[in-house]
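Work through these exercises with the model open beside you. Try each task before you read its solution.

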Amino acid sequence: MVFNREPEGAVKKVIRGKVAVFTSGVDIAQTETKGTVLLKNAEEMLNFTTGEEKHLEKVLQELATAGVKIVVAGAQVGELALHYLDRMGIAVIKVLSKFDLRRLCRVVNATPLARIGAPTPEEMGWVDVMETKEFGGDRVTVFRQERNSEGETSTGEKSRMATILLRGATQNYLDDLQRAVDDGVAVLKALLKDGRLVPGAGATELELSRRVEKYGSTQRGLPQHSIKRYAEALEVVPLMLAENAGLGKGEGGAHEIIGTMHRKLEEGERHGAHAEGRHHGHQSKDEKKSGASKEKENWKLRAWGVDVEGEDDNTLLTTAPDHLILDSLAAKSWAIRQATEAAVSVLRVDSIIMSKPAGGPKIPQQSGNWDED
């Protein structure tokens, strides 16, 4: 794990040490309420400050006695506390973000404490390497768990946290890189939850549109029109892909690309129906399984999508090995479901109530300040 700041004290590197994590600052304790102390002479004043210093030194000495080599503070670190920690050879780093503090506790397997004091062995964490490195002129602090020859960490538990370090010339470029990494991590997270995939590039929406259109043709009355309009709405996805890619600038525009995709889908459908007709008749279980697999293969031959690179007729087979454009089934199904619910909610609105200005006397429009009258 990497932090974009250096340790506060003189100790910059620790090998194989115990870690104590505190959500508060490391400094002399402040009273919750204001108080007044009457000092009669210089000796009393010296004794007053010496008592605080001895108390702080005692607390930090308990940390050193417990074997703590690294202290992580969630707030400011006082100069006096920093002096004692440097003298005891304890590294201290300030982590102000509660989110980063929680992640660090997962890396070193420590329990965050609210008050300064010697932690128990169960509350302390462990890190194999804590060091300061320089990347592109910026110095950062790295917490790392080393692995032995068997692939396990030497003393601490195996860390499941990692930091991706991004470097770029401009802030806009770094923002683009961060968004790309976030999108990639989100895709991986979605696939780990549900690994089912469907053809992308608008092929799935076009196939759904054709099937909904066929279903609407079998209905009667007013539902037939709404079902067919729903089928037309599904074509918006490949249509927007073509328009955003700047394709189809001719007479027909992006709609011409959608027509080409429909034509290729019909050709693939006829090819599948012809192959199925040849094997029609009484079939055994093995033949039925073989027929189901052939139907799946025929469906792959109909997965035509939008080619954003604009080659040939601006269409491509998304299931081909040289393209293989796939989308997450869970993300696509939820997108269609939520879009449908939003459309249904709008159609359920019978009337719109607009707020009007409240009544009452209006402020007279006069020149100057009318309060002076």
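## Exercises on a predicted chain

Among contacts in the chain between residues at least 6 apart in sequence, 67% join residues at least 24 apart. Contact here means heavy atoms within 4.5 Å. This is a predicted model, where local features need pLDDT of at least 70, side-chain atom pairs count only at pLDDT 80 or more, and totals for chains, interfaces and linings use all residues. Residues are numbered from 1 along each chain as its sequence is written, and side-chain values use heavy atoms, with hydrogens and water left out.

**Exercise 1. How many helices and strands are in the chain?**

Step 1. Apply the rule: helices (H or I, at least four residues) and strands (E, at least two) are DSSP runs, numbered from the N terminus.
Step 2. Count them: the chain has 10 helices and 10 strands.

**Exercise 2. In what order do the 6 strands of the open sheet stand?**

Step 1. Recall the general rule: strands of a sheet pair through backbone hydrogen bonds, either parallel or antiparallel.
Step 2. Take S5 (residues 125-135) and S6 (residues 138-144): they run antiparallel, joined by 7 bridges. Thr132 has Thr141 in S6 as its bridge partner.
Step 3. Move to S2 (residues 14-22): 5 bridges join S2 to S5, and the two run antiparallel. Gly17 stands opposite Val127 in S5.
Step 4. Now pair S2 with S3 (residues 68-73): this pairing is parallel, over 5 bridges. Ala20 faces Val71 in S3.
Step 5. Write the order: S1-S6-S5-S2-S3-S4, with mixed pairing.
Step 6. Check the edges: S1 (2-3) and S4 (91-94) each have a single partner strand, so one side of each has no neighbour in the sheet.

**Exercise 3. Is Gly9 buried or exposed? Which residues does Gly9 touch?**

Step 1. Find Gly9 in the loop between S1 and S2.
Step 2. Gly9 has a relative accessible area of 10%, so Gly9 is buried.
Step 3. Leave out residues up to four places away in sequence: Gly9 then touches Leu82, Asp86 and Val92.
Step 4. Compare sequence with space: Gly9 and Leu82 are 73 residues apart in sequence, but 6.2 Å apart in space, C-alpha to C-alpha.

**Exercise 4. Which side chain joins that of Glu205 in a polar contact of 2.7 Å?**

Step 1. Locate Glu205 in helix H5 (residues 203-217).
Step 2. Glu205 counts as buried, because its relative accessibility is 4%.
Step 3. Skip neighbours within four places in sequence: Glu205 is in contact with Leu234, Val237, Pro238 and Lys332.
Step 4. Apply the polar contact rule: a pair of N or O atoms within 3.5 Å; within protein, one must be able to donate a hydrogen and the other to accept it, and residues adjacent in sequence count only if both atoms are side-chain atoms.
Step 5. The partner is Lys332, whose side chain joins that of Glu205 at 2.7 Å.

Conventions:
Buried means under 20% relative accessible area, exposed over 50%, partly exposed in between (1.4 Å probe, protein chains only). Two strands pair if DSSP finds at least two bridges between them.
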